[in-house]
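Keep the sequence and the 3D view open while reading.

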Amino acid sequence: MRFTYDPNADALAVELGNEVKSAKMVKLAPDVNVDFDKRGRLVTVEVLNASLYYSQAELADLEAPVVWLSVAEAVKES
């Protein structure tokens, strides 16, 4: 299980598996989405507007999500 926080999106994610692909997203509440894999197993819980529900101190302790760049994007960054 891994907890990440993206301050730009103000989104907290709880990933229940390692690199499991989401096949279906369901909105549980206005700020809560859950993802299921192709077998129907829960793989991610996402809390949007996380700073409304958690303190900045709690969120700051979480790691940032990994952001992957395409080759073209990486060239532009260099």
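## Loops and sheet

The loop between β1 and β2 contains D10. This is a predicted model. D10 is not a glycine, yet its phi is positive, about 50 degrees. Most residues other than glycine have a negative phi. D10 is also buried: its relative accessible area is 14%, and the cut-off for buried is under 20%.

A second residue, N49, lies in the loop between β5 (42–48) and α1 (56–60). N49 is likewise a residue other than glycine with a positive phi, near 55 degrees. Is N49 buried or partly exposed? N49 is partly exposed, with a relative accessible area of 34%.

The table puts the two residues side by side.

| Residue | Loop | Phi | Relative accessible area |
|---|---|---|---|
| D10 | between β1 and β2 | about 50 degrees | 14% |

The strands on either side of D10's loop, β1 and β2, belong to an open sheet of five strands. The order across the sheet is β1-β2-β5-β4-β3, and the pairing is antiparallel. β1 (2–6) and β3 (24–29) are at the edges and have a single partner strand each, so one side of each has no neighbour in the sheet. From one strand to the next, the twist averages 20 degrees.

How many bridges join β1 to β2? There are five, and β2 covers residues 11–15. The two strands run antiparallel. Within this part of the sheet, F3 stands opposite V14 in β2.

Key:
Residues numbered from 1 in each chain as written. Predicted model: local features only at pLDDT ≥ 70, side-chain atom pairs only at ≥ 80, totals over all residues. Heavy atoms only, no water. Pairing = 2+ DSSP bridges. Helix = DSSP H or I, 4+ residues; strand = E, 2+ residues; numbered from the N terminus. Axes fitted to C-alpha atoms, helices over the stretch in contact; angles between N-to-C directions. Buried < 20%, exposed > 50% of the residue type's maximum accessible area, 1.4 Å probe, protein only.
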